[in-house]
Amino acid sequence: MNVGIINCGLGNIHSISKCIDDLGFKNHIINNPRELIDCEKIIFPGVGSFSKAMKIIEKDDWITNLKKKVLIEKTYFLGICIGMQILAEEGFEIEKSKGLGFIPGSVMKLNDLGCKKTIPHIGWNNVEIAQKNQLYDNVENNSDFYFDHSYAVLCKDKSNITGITNHDIDFVASVNKDNIYGTQFHPEKSSESGKRFLKNFLELK
């Protein structure tokens, strides 16, 4: 299987690569959108701001190539942290920015959603499985996953929400629409539950 990990300079991609290696799957780092052509699965990890991420991927035809692979060819896609947030239609970090629009919704600051606790939200939180989903197979409900973020996705269609967690307020922990998956948490840093979640993605057929 050809698993491609997108490298846009948005964080440490080597931790996700090593985790996939440890699970027994081959993967490679993609630095150029034209390398997407041979990918059977795509992972977009990253940290940072929504607006910065979108400015980066607007260069060099990342968006055109991603839309072709994900929306037309239906290649399995997993967005992690900022990789999940940019799946939405728009975000409001630093400035209002247009997202990929793969999943209807927006991305807003936790404080603006009513959170009174300190942000960034960093640490372990249990995730309630909102609906049956392949990526949570053999993962116990309310298992702990590792988070590091200040913004959260608001889904227009609640059927796209697969996991929910709480940091003073409930917010979306994971999403799925057709072949597109996203996690606000970092599965590669989430011990056995995260590895199981990631393995389930890699085994999708």
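How many bridges join strand E5 to strand E7, and do the two run parallel or antiparallel? In this predicted model, local features need pLDDT of at least 70 and side-chain atom pairs count only at pLDDT 80 or more, while totals for chains, interfaces and linings use all residues. Residues are numbered from 1 along each chain as its sequence is written, and side-chain values use heavy atoms, leaving out hydrogens and water.

Two bridges link E5 (residues 90-91) with E7 (residues 105-109), and these strands are parallel. Strands here are DSSP runs of at least two residues, and helices (H or I) are runs of at least four, numbered from the N terminus; two strands pair if DSSP finds at least two bridges between them. Within this pair, Gly91 sits opposite Val107 of E7. Both strands belong to an open, four-stranded sheet with mixed pairing and the order E6-E5-E7-E10. E6 (97-98) and E10 each have a single partner strand, so one side of each has no neighbour in the sheet.

Val47 lies in the loop between E3 and H2 and is partly exposed, at 37% relative accessible area.

Definitions and conventions:
Buried < 20%, exposed > 50% of the residue type's maximum accessible area, 1.4 Å probe, protein only.
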